[in-house]
Amino acid sequence: MSNVVELGVQLLATLDDDELDLADAVNRLETLTSDPHTTRTILDTAEKRGIIERADGRVRVRSGGFVRFERDVIAREGEFTCRRCGASLTTGHFIQLDAGEHGPFGSSCIKKVIGRR
């Protein structure tokens, strides 16, 4: 299984949202991939593992995990481009997942990606 799929599954497992529109889940996965086949593979894999349930255009997160900013998000100084909005950054925020690191994101986009609006 590709690292992108594993990162996507772990990202879904750590969302703060209990439930969200399928379109919102796909929007967050698009920070990892723009390939619809890979996105579908991530959703299918997460569902098979019991991390999410899909029904009626909604995704319900069943894993109970979440990202702790103090432990799971690393901020680095440098020249970055936000993976969510494309903005130039001097501080990039990276989510530390077991499958690897995901980012960079700006300070507001990192909250949107993990569901902490």
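Predicted model: local features only at pLDDT ≥ 70, side-chain atom pairs only at ≥ 80, totals over all residues.
Student: Which helix gives the most to the lining of the largest pocket?
Tutor: The largest pocket has a volume of about 160 Å³. Helix H2 (22–29) and helix H3 (36–48) each supply at least two residues of its lining. With four residues, the top contributor is H3.

Student: How do the residues of that lining divide into nonpolar, polar and charged?
Tutor: The lining includes Leu 22, Val 26, Pro 36 and Leu 43. Ser 34 and Thr 39 also belong to it, as do Glu 30, Asp 35, Arg 40 and Arg 54. The division is four nonpolar, two polar and four charged.

Student: Why is the pair of Phe 80 and Phe 94 described as it is?
Tutor: A pair of aromatic rings is described by the distance of the centres and the angle of the planes. Here the centres of Phe 80 and Phe 94 are 5.4 Å apart and the planes stand at 75°. Planes over 60 degrees apart count as edge-to-face, so the pair of Phe 80 and Phe 94 is edge-to-face.

Student: Which strands does this pair link, and how many residues apart are its members?
Tutor: The structure holds one aromatic pair, and it links distant parts of the chain. Phe 80 lies in strand S4 (residues 73–81) and Phe 94 in strand S5 (residues 88–97). The strands are S4 and S5, and the two residues are 14 residues apart.

Student: Which residue has its charged end over the ring of Phe 94?
Tutor: Phe 94 is buried, and Phe 80 is also buried. A charged end sits over the ring of Phe 94, 4.6 Å from its centre. That charged end belongs to Arg 76.

Key:
Residues numbered from 1 in each chain as written. Heavy atoms only, no water. 1 Å grid on protein atoms, 1.4 Å probe; cavity = no way out; pocket = protein on both sides within 12 Å on 5 of 7 lines; lining within 4 Å. Points joined across faces, edges and corners; volume = space filled by probe spheres on them. Nonpolar A, V, L, I, M, F, W, Y, C, P; charged D, E, K, R; others polar. Phe/Tyr/Trp six-rings, centres within 6.5 Å; stacked < 30°, edge-to-face > 60°. Buried < 20%, exposed > 50% of the residue type's maximum accessible area, 1.4 Å probe, protein only. Lys NZ or Arg CZ within 6 Å of the ring centre and 35° of its normal.
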